[in-house]
Amino acid sequence: MKDKSGNESFVCPVVVVAADTIGKLPDHLLVEIFIRVPISEWAQVSCVKRHWASLFREECLWQAALSRAYPFSAQAKKWPGPIPRGLSKQRYRALYVSKHIIGLDGEIDEIVGHSYLFLKDQLEGSEMPTPSGILHGTIIDQFLACGKSRDSAHELASRIWLAVLDNLEENEHTFLLLKRLAQESDVFLPYPYTKSIQVQWRVFEKLFTDFRDCFVNRVDYYDVLACAKNKFQPLPSAWLGY
């Protein structure tokens, strides 16, 4: 198939046939079809027609997708705490994250998914994110408000931080963010509001491995290395040497 410029281009035959055969169906039938398509193909489907894209922005499609994928979600309890639950699309995202990214040994916990999305959005969303201590405390408060124990809140918050750190985009913003997290001064907070050693370690690990080439000079590198030495001893040999 050729585009308007005469160049060869590939268009998925399934998508072409779908556009021709179901384009005139009423919206409620289109929704029932779309939510049965694998989620990995939703972005492609939404690009076929402007009207289809608008359906993927509407609450009715996400309500149907939520009910189909997570039927128990209709029985959700009252939602306390500082992190908002949001509408059906956000709830679908939260449940998907909890199952496929956090992986709670078969358990699907919507609170965990919302906390992950909250933290990731806050860290990625601005040049100067809220201090990590406040973000961490917000997550802990959310778990406590929803009935989790202190031990459970501490463990889940750590898993969320680790998952978010591993799924940040590898760009300059993330490098600067990790440097800021590494250089934040320690403030004593009572358990469970203290971030785990595993989370602190992962910040430095990513800086000295994935983002090692981003250090512009020795002074920049040794400043961060000094922070690592104050927190951990001994340091891995892979972290040493600019």
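Because the model is predicted, local features need pLDDT of at least 70, side-chain atom pairs count only at pLDDT 80 or more, and totals for chains, interfaces and linings use all residues. Residues are numbered from 1 along each chain as its sequence is written, and side-chain values use heavy atoms, with hydrogens and water left out.

Let's begin with the nonpolar cores. A nonpolar core is a set of buried Ala, Val, Leu, Ile, Met, Phe, Trp, Tyr and Cys residues joined through side-chain atoms within 4.5 Å. Here buried means under 20% relative accessible area, with exposed over 50% and partly exposed in between, using a 1.4 Å probe and protein chains only. In soluble globular proteins, nonpolar side chains tend to be buried together. In this model the largest nonpolar core has 47 residues, and Ile139, Ile160, Phe204 and Phe208 have the most contacts inside it. At least two residues of this core come from each of the helices H6 (88-102), H7 (110-124), H8, H9 (150-166), H10 (172-183), H11 (197-208) and H12 (218-231). Helices are DSSP runs of H or I with at least four residues, strands are runs of E with at least two, and both are numbered from the N terminus. H9 gives the largest share of this core, 9 residues. There is also a second, separate core of 17 residues, which includes Phe34, Trp52, Leu66 and Tyr70.

Leaving aside neighbours within four places in sequence, Ile139 is in contact (heavy atoms within 4.5 Å) with Ile83, Ser115, Phe118, Leu119, Ala157, Ile160 and Trp161.

Next, find Gln142, which sits in helix H8, residues 132-145. Is Gln142 buried or exposed? Gln142 counts as buried because its relative accessibility is 1%. What lies 2.7 Å from a polar atom of its side chain? The backbone nitrogen of Ile83 does. For a polar contact, a pair of N or O atoms must be within 3.5 Å; within protein, one must be able to donate a hydrogen and the other to accept it, and residues adjacent in sequence count only if both atoms are side-chain atoms. Apart from neighbours within four places in sequence, Gln142 is in contact with Trp79, Pro80, Gly81, Pro82, Ile83, Ile111 and Ser115.

The spaces come next. They are found on a 1 Å grid over the protein atoms alone: a cavity is a set of points where a 1.4 Å probe fits but cannot get out, while a pocket is an open set with protein on both sides within 12 Å along at least five of seven lines, and lining residues have an atom within 4 Å of a point. Grid points are joined across faces, edges and corners, and a volume is the space filled by probe spheres set on the points. The structure holds 1 cavity of 30 Å³ or more, and the largest cavity has a volume of about 30 Å³. Among the residues lining the largest cavity are Leu123, Pro129, Leu135, Arg180 and Glu184. H10 provides the largest share of this lining, 3 residues.

The largest pocket has a volume of about 420 Å³. Its lining has 20 residues, and Glu184, Ser185, Asp186, Val187 and Lys195 lie nearest its centre. H11 gives the most to this lining, with 4 residues. By class, the lining has 11 nonpolar, 5 polar and 4 charged residues; Ala, Val, Leu, Ile, Met, Phe, Trp, Tyr, Cys and Pro count as nonpolar, Asp, Glu, Lys and Arg as charged, and the others, Gly among them, as polar.

The second largest pocket has a volume of about 340 Å³. Of its 17 lining residues, Ala76, Lys77, Trp79, Arg85 and Ile111 are the closest to its centre. This lining divides into 8 nonpolar, 2 polar and 7 charged residues.

Finally, look along the backbone. Most residues other than glycine have a negative phi, and most peptide bonds are trans. In this model the peptide bond from Tyr191 to Pro192 is cis, with omega near 10°, and Pro192 lies in the loop between H10 and H11. The bond from Gln233 to Pro234 is also cis, with omega near -5°, and Pro234 is found in the segment after H12.
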